[in-house]
Amino acid sequence: MEHNYNCILIRFGEIFLKGNNRNYFESLLIKNIKLALTGLNYRFARTQGRYFIEEFDPNDMDEIISRLTKVFGIHSISPTVKVKTDLDEICKVAAAISPKEGVFRVTVKRADKRYPMTSMELGAKIGGYMLYHTGGRLKVDLFDYDFELFVDLRESGYTYLFYDKIMGAQGLPTGCSGNAMLLLSGGIDSPVAGYVMAKRGLKIYAIHYHSFPYTSELALQKVKDLAKKLTPYCGDIKLAVVPFTEIQYAIHEHCPQEFMITIMRRFMMRIAERVARKYECGALITGESLGQVASQTMQSINVTNSVVTLPVFRPLIGNDKAEIIEIANKIDTFDISIRPYEDCCTVFLPKNPVIKPKLSEAIEYENRLDIDTLIDAAVENTVMETITVE
Amino acid sequence: MIFFDNASTTKCTESSVEIVKEYLTEKFYNPSALYHESIEVKKGLESVRNVILKRLRGDGKIIFTAGGTESDNIALLGCKKQKGGRIIVSANEHAAVYATAQELKQRGYDVVFAPVDNYGKVIISEFEKLVTPQVTLASIIHVNNETGAINDIQSLSKIVKKVAPKALFHSDGVQAFGKVEVNLRQMGVDMYSMSAHKIGAPKGCGALFIAKGVSVNPIVFGGGQEGGLRSSTENVGAIMAFGKAVEERYTCLAETQAKISQIRAYIKQNLSSIEGIQFLSADDSSPYILSFSTPKVRGEVMQHALERRGILVGTGSACASNKATSRIAEALSLKGKYIDGVTRLSFFIYNTLDEAEVFVKEYLAVYKELSKYGA
């Protein structure tokens, strides 16, 4: 008899630790799971400490698992065969889904304590049946085995049989830590920073500075594509696109060339904070990594940081480029990030940007500009777009 | 909308659209089938081959391909070559030839690049130095896609055939066919690539001329269409439209050239006042292309700024980090800020002098604005 994997078991991780807030975390996690599975037919079920995806089209199973592995807060996932708790049926399924040769063990978990046999007895019984009904090429070894069959007897009267435990994305359910505004440039680092912070439960908003005609529509599309890649992890992302050319012109005209980037970044931070507050974001996120470029030295960060009061999360501050690229590859943003379009940070690039800017100097040069008017205009002309999960 | 990027592609003519529609709906039959309807379609393809051959003034055959790039690939990769022999291509060939030549280099051929002058034209005396008896293939673009330079294919081919009589001569005619007169007998060309969408017919269609007696092996295998040289069911509608476009373009070639030359001359004259402007298209180049570089505004920035004003132009340099385009700048010996400053205007039958006037006005205004900030 053919037995299909008919149920996907979801275990959730860290949110167990959260005591009284558990209901809140769980409701968020469930919401995120449902958002991730948008467009697919299935039934969602839950018991104490477990979620189940059932009644799906068997052809969708891999797709469902792939999407679930991107939902933060999930510890692991297993495709299972769900059967009524009936020993004969359990044994038949176990034999049917078992590989036909190799060394195995059966691990039984009996949450349903009403069942008249112990876990050990059940394991022996099921294992015995498997040995007898699979052609005689299986062996049992409880310590040194090739595969392990898990048999989970739940109080609901159903039993779940499975082999695989697929690791989930871990972390906390997106949104449980509040909202934060990610400065998304189009480079390699910023999407990774967004991913890393989303993992700690932040709902991500993104802001991008566009310098038409110095940057192209393709550069903007690149940023949207990057945001799209983050949505399986973060859910829908609201993206603010800020016209930045006028500010760059003003800085270019009135400030020393070597301070171009420093002052530009101070404007970016100010605008990000303004937009962040509008969308109730409690923090800014940047992809800065200490010392990577001139604008990411400790002195530069001090000068750019000093214009905002919201906390600025820099999750990659201690990472090497190679480590960042590894995550970028994992979340599939790297290939987009290296598309060769200029972003607003590379136009008007001075030959020798100041590496250790002094705050007093930055303020002195900046005072030549009508900062408030420039920022008001940029914020007013900012276009919001929602990047949705596929 | 003013479209001055016709070297990249052209809008399909109304006749093309009608023909494609007819062949997608009424005459949709597979030309390889044996019933009457298909035979009629096949006859149609043959008539287009004849139209093209007549306009090429060549003795040989035409095979239909998926476009200029595929034609170039079949020519360079498929033609019979002496193992390890020398292959000459010009330094500013279109990527379809340049990248294929690089591939042949990987396969052990001695690939050399013929230098070009500041207008993108192969320097005959320099080319001559590269020609040895070991030459097995030369591929020189007829009309250069970046600058419009018209290469003296006849002289180049003569030089090759004199020193290496067995060598084959290929020319990429994608920017030439349908736009300038072609005479393959005179030019001494063995293989010639063409594209449909540069002359008002659909994308996804091209042709390769193969001279009589020239042996070419397929690079795509399958059902054996196009004499086994390009398996795949023919893109019938596009081919039929291509045939019509060829006829239309050549029927009024002189008038079109005169009109477009006027547009080009007007623009060139009016942009000459820009400080430091360097024209990359010589006066004797194809009238359909006018390339120039300015030191103060990058080509791409200008492109985007003009785009906002409803004018679409081409650019020589997509981005400073784009190596593919710095090759062309290098070949043309562009220096410093001129490398990124290239704008390419390219014209087609639809363009008018009125558009040229609007363009000049807008261009000068944008240039004045943007040049304040430097490249």
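Student: Is Ser232(B) buried, partly exposed or exposed, and why?
Tutor: This is a predicted model. Ser232(B) counts as partly exposed because it has 15 C-beta neighbours inside 10 Å.

Student: Where is Ser232(B) in the chain?
Tutor: Ser232(B) sits in the loop that runs between strand S8 (206-211) and H8 of chain B.

Student: And what is the phi of Ser232(B)?
Tutor: Near 135°, which is positive, and the residue is not a glycine. Most residues other than glycine have a negative phi.

Student: Which residue of chain A also has a positive phi without being a glycine?
Tutor: Gln170(A), with phi at about 65°. Gln170(A) belongs to the loop between strand S9 (166-167) and strand S10 (178-183) of chain A. With 14 C-beta neighbours inside 10 Å, Gln170(A) is classed as partly exposed.

Student: Back to H8 of chain B. How do H1(B) and H8(B) pack?
Tutor: Helix H1 (residues 14-25) and helix H8 (residues 236-251) of chain B have axes 8 Å apart, at an angle of about 150°. Angles over 145 degrees count as roughly antiparallel, so that is the relation between H1(B) and H8(B). Their crossing is right-handed.

Student: Which residues make the contact?
Tutor: From H1(B), Ser15(B), Ser16(B), Ile19(B), Val20(B), Tyr23(B) and Leu24(B). From H8(B), the residues are Val236(B), Gly237(B), Ala238(B), Met240(B), Ala241(B), Lys244(B), Ala245(B) and Glu248(B).

Student: How do the residues of that contact divide by class?
Tutor: The contact of H1(B) with H8(B) has nine nonpolar, three polar and two charged residues. On the spacing along a helix, residues three or four places apart point the same way, because an α-helix has 3.6 residues a turn.

Student: Which helix pair in chain A is roughly parallel?
Tutor: H5(A) and H6(A). Helix H5 (residues 189-199) and helix H6 (residues 217-234) of chain A cross at roughly 10°, and their axes come within 10 Å. An angle under 35 degrees counts as roughly parallel, so the pair qualifies. The crossing of H5(A) and H6(A) is right-handed.

Student: What meets what there?
Tutor: On H5(A), Pro191(A), Gly194(A), Tyr195(A) and Ala198(A). They meet Leu226(A), Lys229(A), Leu230(A), Tyr233(A) and Cys234(A) of H6(A). By class, the contact of H5(A) with H6(A) has seven nonpolar, one polar and one charged residues.

Student: Which peptide bond is cis in chain A?
Tutor: The one from Phe212(A) to Pro213(A) is cis, with omega near 5°. Pro213(A) lies in the loop between strand S11 (202-210) and H6 of chain A. Most peptide bonds are trans.

Student: Which residues of H3(A) are buried?
Tutor: In helix H3 (residues 87-97) of chain A, the buried residues include Ile90(A), Cys91(A), Val93(A), Ala94(A) and Ala95(A). Among the elements covering the buried residues of H3(A) are strand S4 (74-84), helix H4 (119-133), strand S7 (147-153) and strand S8 (158-162) of chain A.

Student: New topic. How is chain B divided into domains?
Tutor: Into domain 1 (14-250) and domain 2 (252-371). Their C-alpha centres lie 27 Å apart.

Student: How many residues are in contact between the two?
Tutor: In chain B, 19 residues of domain 1 are in contact with 17 residues of domain 2. The domain 1 side of that contact has nine nonpolar, six polar and four charged residues.

Technical notes
Residues numbered from 1 in each chain as written. Chains lettered and ligands numbered in written order. Predicted model: local features only at pLDDT ≥ 70, side-chain atom pairs only at ≥ 80, totals over all residues. Axes fitted to C-alpha atoms, helices over the stretch in contact; angles between N-to-C directions. Helix = DSSP H or I, 4+ residues; strand = E, 2+ residues; numbered from the N terminus. Parallel < 35°, antiparallel > 145°, perpendicular 65-115°, else oblique. Left-handed = near helix turned anticlockwise from the far one by under 90°. Contact = placed C-beta atoms within 7 Å. Nonpolar A, V, L, I, M, F, W, Y, C, P; charged D, E, K, R; others polar. Buried ≥ 20, exposed ≤ 12 C-beta atoms within 10 Å, placed from the backbone. Domains from an automatic or database assignment.
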